[in-house]
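Hi,

Here is the structure I promised to pass on. Have a look at it first, and then read my notes below.

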Amino acid sequence: MTCCELLDLICDYTDGYSGPEAIRDLEDHFKVCSSCAALFNTYKKTSHICRKLSKINIPEEVQNRVHIFLKDSINKSNT
Ligand SMILES: [Zn+2]
């Protein structure tokens, strides 16, 4: 699994859509890729913050920007 594929799993995970298989894939990847493990922790926190903010109507555009920022972080850590 590539780091980009993992990001999709992370999004599903934080949205609560992950099955046990996806969670096992995530954990397997974290064992071999510390940058994704670190990113996952950041993402969990960020997504928690986003959910809090969504109660006061955070614009979808801002949420998308966070998503793009995280994707960029993964791409940079891969190069
Ligand atoms: Zn990775």
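Let's start with a question: which residues does Leu 9 touch, not counting residues up to four places away in sequence? They are Ser 18, Ala 22, Asp 25 and Leu 26. Two residues are in contact here if their C-beta atoms, placed from the backbone, lie within 7 Å.

Before you go further, note that this is a predicted model: local features need pLDDT of at least 70, side-chain atom pairs count only at pLDDT 80 or more, and totals for chains, interfaces and linings use all residues. Numbering runs from 1 along each chain as its sequence is written.

Now the overall picture. The protein has four helices and zero strands, in the order α-α-α-α along the sequence. (Helices are DSSP runs of H or I with at least four residues, strands are runs of E with at least two, and both are numbered from the N terminus.) Of its 79 residues, 10% count as buried. Buried means that 20 or more other C-beta atoms lie within 10 Å of a residue's own, exposed means 12 or fewer, and partly exposed is in between, with C-beta atoms placed from the backbone. Among contacts with a separation of 6 or more, 50% join residues 24 or more positions apart.

Next, helix α1, residues 3-15. Its buried residues include Leu 6, Leu 7, Leu 9 and Ile 10. They sit on the same side of α1 because they cover an arc of only 165 degrees around the axis (the arc is that of the directions from the helix axis to the C-beta atoms). Turned away from that buried side are the exposed Cys 4, Glu 5, Asp 8 and Asp 15. Just after α1, Gly 16 has a positive phi of about 85 degrees.

Finally, find Thr 42 in helix α3. Thr 42 counts as exposed because it has 12 other C-beta atoms within 10 Å. From Thr 42 to Leu 70 is 28 residues in sequence, and 8.9 Å in space, C-alpha to C-alpha.

Cheers
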